[in-house]
Amino acid sequence: DAGVIQSPRHEVTEMGQEVTLRCKPISGHNSLFWYRQTMMRGLELLIYFNNNVPIDDSGMPEDRFSAKMPNASFSTLKIQPSEPRDSAVYFCASSPSGGAVYEQYFGPGTRLTVT
Amino acid sequence: RKEVEQDPGPFNVPEGATVAFNCTYSNSASQSFFWYRQDCRKEPKLLMSVYSSGNEDGRFTAQLNRASQYISLLIRDSKLSDSATYLCVVTRSGGYNKLIFGAGTRLAVHP
């Protein structure tokens, strides 16, 4: 079975450019999470969707970040404009349930470098 | 103070050694506890859940002390393949069980 799929796997862009990260969750999972991982701050939750609806976006750093989930099989995380401090690994994870004890399945991540 | 604190390591141990990792959490309302494993440049994966009664999965034993807000992971008979970063994870209640990740403890097992 396919796990969580993320694209691109690597992205190098210049400061000020728009970056769009993509995620396809595991089929049947109704919860989707976007995380950011850096050496300094570790793994941080950016936003959580349940049944395609954003439930918790308190981790979104600022207005430059936006996330959408137009349907159950696709989500995007957009950074506009990008800054060097956005350089990190961005993980998408999905789960069959968001309200109970559960396991989150992570995608392979997108390694973003902003120069 | 971070909500989940771990010794960053690295722990350098020979094959066959027993190694223990500790983790403390600050939110007494945390309800569920896990250990995740993350290999270098890979995604985190669930290793095991942690229960108050303690639980074992092969060479791995996890313990929880709610009174001390302390979680541990014991690895017996270390293998080279155990080399990874081990993330302590707790849930923060409030509408949904949000996972809060520790910064991780790095383990390097050498021949």
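Figure 1. One salt bridge is found across the interface, a salt bridge being a side-chain nitrogen of Lys or Arg within 4 Å of a carboxyl oxygen of Asp or Glu; A:Asp56 and B:Lys98 form a salt bridge in which the closest N and O atoms are 3.9 Å apart.

The model is predicted, so that local features need pLDDT of at least 70 and side-chain atom pairs count only at pLDDT 80 or more, whereas totals for chains, interfaces and linings use all residues. Residues are numbered from 1 along each chain as its sequence is written, chains are lettered from A and ligands numbered from 1 in the order in which they are written, and side-chain values use heavy atoms, with hydrogens and water left out.

**Figure 2. Extent of the contact between the two chains.** Chain A gives 21 residues to the contact and chain B gives 14 residues, with contact meaning heavy atoms within 4.5 Å. About 1600 Å² is buried between chain A and chain B, 55% of it on carbon and sulfur atoms; this area is the accessible area (1.4 Å probe) that two parts lose on being put together, summed over both.

Figure 3. B:Thr61 is placed in strand 7 (residues 60–65) of chain B, a chain with zero helices and eleven strands. With a relative accessible area of 12%, B:Thr61 is buried (buried means under 20% relative accessible area, exposed over 50%, and partly exposed in between, with a 1.4 Å probe and protein chains only). Leaving aside neighbours within four places in sequence, B:Thr61 is in contact with B:Asn55, B:Glu56, B:Ser72, B:Leu73, B:Leu74 and B:Arg76, and the side chain of B:Thr61 makes a polar contact of 2.8 Å with the side chain of B:Arg76.

**Figure 4. The salt bridge between B:Glu56 and B:Arg76.** The side chains of B:Glu56 and B:Arg76 meet in a salt bridge at 3.6 Å, N to O. Because B:Glu56 lies in strand 6 (residues 55–57) of chain B and B:Arg76 in the loop between strand 8 (70–75) and strand 9 (84–92), the pair ties together parts that are 20 residues apart in sequence. B:Glu56 is exposed at 57% relative accessibility, whereas B:Arg76, at 26%, is partly exposed.

**Figure 5. The salt bridge between B:Arg59 and B:Asp82.** In this pair the closest N and O atoms of B:Arg59 and B:Asp82 are 2.8 Å apart. B:Arg59 lies in the loop between strand 6 and strand 7 of chain B and B:Asp82 in the loop between strand 8 and strand 9, so the pair ties together parts that are 23 residues apart in sequence. B:Arg59 counts as partly exposed at 22% relative accessibility, while B:Asp82 is buried at 2%.

Notes
Helices (H or I, at least four residues) and strands (E, at least two) are DSSP runs, numbered from the N terminus. A polar contact is a pair of N or O atoms within 3.5 Å; within protein, one must be able to donate a hydrogen and the other to accept it, and residues adjacent in sequence count only if both atoms are side-chain atoms.
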